[in-house]
Structure formats: structure tokens, C-alpha cells
Amino acid sequence: MRCCLGGCCCWCAWWLLLLAGASPADESRREGGRDSGLDDLHQDSYGTFASEFYDLRYLSEEGYPFPTAPPVDPFARIRVDDCGKTKGCFRYGKPGCNAETCDYFLSYRRIGADVEFEMSADTDGWVAVGFSSDKKMGGDDAMACVHDDNGRVRIQHFYNVGQWAKEIKRNPARDEEGVFEHNRVTCRFKRPVYVPRDETIVDLHLSWYYLFAWGPAIQGSITRHDIDSPPVSERVVSIYKYEDIFMPSAAYQTFSSPFCLLLIVALTFYLLMGTP
């Protein structure tokens, strides 16, 4: 089709190009190089794909980058050089033992309105502390760290009824953490100093005898403690007074008894003097 009226062929050509949605520059690219347009289209498509992939892979529904999961902090080892200074400690076992070698270990310290407890025992089951008005088990508020079948250490609240412990759903523990390593149950938790009046939860601002116990667990449930007569603090414990108290286990108590000392002296004298 020719569109030439009075020398207007050139004008008609320009008009047809505009109607077709093309510009002279576009026409020149088509004539001069077909690949340049394809490259532009490829770059546009790639940019769109990359943008959509980033949105799907790295952005949340709100359009913000997904947060990186925080690292899992290992259980901080219990420090014993602070005992008697910035926290109170009880050690039961071999003389000179620490939180990783004692048969039983307990520490306590005040942190604001809370008391932080750390416990450890040579067991694969549970370790506990009880707060008693006397030195006997029964009617006591108790906190236990229990190693379950999934390898976790859970902090539970119990109330001693006679010689057995009843779990109480109201658990005052918070900021709890625990670990089972090297056949030891170790844990750390906080509980408030003051609590609303409750028969099963004592106020720690008052002084109590501390009962120490540990033993095996079956499917995450505590069983009878390891020894028949678990150790007890000699006097009531105040959370406002930090002491480092060592209690020798039964094996070391035997050698420190007066009768055994007398026997050792007699045997030594006999060996030195010889038989008559």
C-alpha cells in the first residue's frame, strides 16, 4: 500500500510506525541487530526471576528477611570458686570435690527478687533439694531436676507426702536449664523469694532446713533416692548468708569417726612395736 499524496510518503511511513508501537530507534535495532533486543528481554526476565526467588527464599510473609536462628548456648559450668563469697554452697562426697565430682552439689544466690539454684549429682535420673521445717521428710516443698528418656532435663515441683513425692503442677521455677553429661544430672533455675501463701510453696526469705536427695528415674519419673538417709543441712539455711559447707559422704565419715581413729592408732602402735 502506497501512501503518497503530494510528497507525503515519508510522513505516512512515520505514522504507520507510530501506530504499530515502534520508534525509529526500535526499527533500527530490528534492522541493525536482532540480538540486542533478545538480550534486553533476557536480562529483564532474569532480573524478575531473581527478584521473585529472593522474595520466596529469603523474605517472610511480611517482606522482611527471615531472622537467623540464634546459636544454642552450651550449659555454663557451675563455678565453685564463688562458694562462700557470692553464693552459698553445699558439697557432699569426697573432700575437696566440686560441682562435677561431688556425689551431690547445691548452690544458691539471690538475684533481685529471685533465688538462683544450681544442682548436680552423680546419677542418670534426678537430683533435688527440699525445704523443710525440720530434718525429716514429709510436708516439704521440693524442686527436682529430672532426666527423661528423651535426654532432656526438666525442672519439676514436688510436695513430699510422707516418704513419697507428689508432683505439683504449679511450678515456681523459671529461667530453667539442664544437661545430662558424664552420667551426671546438672541444672540451674530461679524461683521467687516471696510467693503468695500456698501450702506447697514456701517463702525463701525464711530459713529452712535443706534436704538433699538424688536417685534413678524410670521413663522420666523419679523413684526412691539412692541412699536410705539422704544428707540434711545441720542447721536452717538463710538465703541472705553465703557459706561453703562440706559434708563427707558415708565412706569418708567412717574414717573420721573416733572409734576408727582409735583403731588406727592401736594398729599403728602394734606394727611399730612388733609382737612381744
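Predicted model: local features only at pLDDT ≥ 70, side-chain atom pairs only at ≥ 80, totals over all residues.
Residues are numbered from 1 along each chain as its sequence is written, and side-chain values use heavy atoms, with hydrogens and water left out.

**Exercise 1.** Find how many disulfides the whole structure holds.

*Solution.* Begin with the cut-off: a disulfide is a pair of cysteine sulfur atoms within 2.5 Å. Next, search the whole structure, and three disulfides turn up. Cys83 pairs with Cys89 at an S to S distance of 2.1 Å. The sulfur atoms of Cys97 and Cys102 lie 1.9 Å apart, and Cys145 is joined to Cys187, S to S 1.9 Å.

**Exercise 2.** Work out the handedness of the link between Cys97 and Cys102, then that of Cys83 and Cys89.

*Solution.* Look at the torsion about the S-S bond: for Cys97 and Cys102 it is about 85°, so this disulfide is right-handed. Now turn to Cys83 and Cys89, where the value is -80° and the link is left-handed.

**Exercise 3.** Decide whether Cys145 is buried or exposed, and do likewise for Cys187.

*Solution.* Recall the cut-offs: buried means under 20% relative accessible area, exposed over 50%, and partly exposed in between (1.4 Å probe, protein chains only). Cys145 has 0% relative accessibility, so Cys145 is buried. Cys187 is also at 0%, so Cys187 counts as buried.
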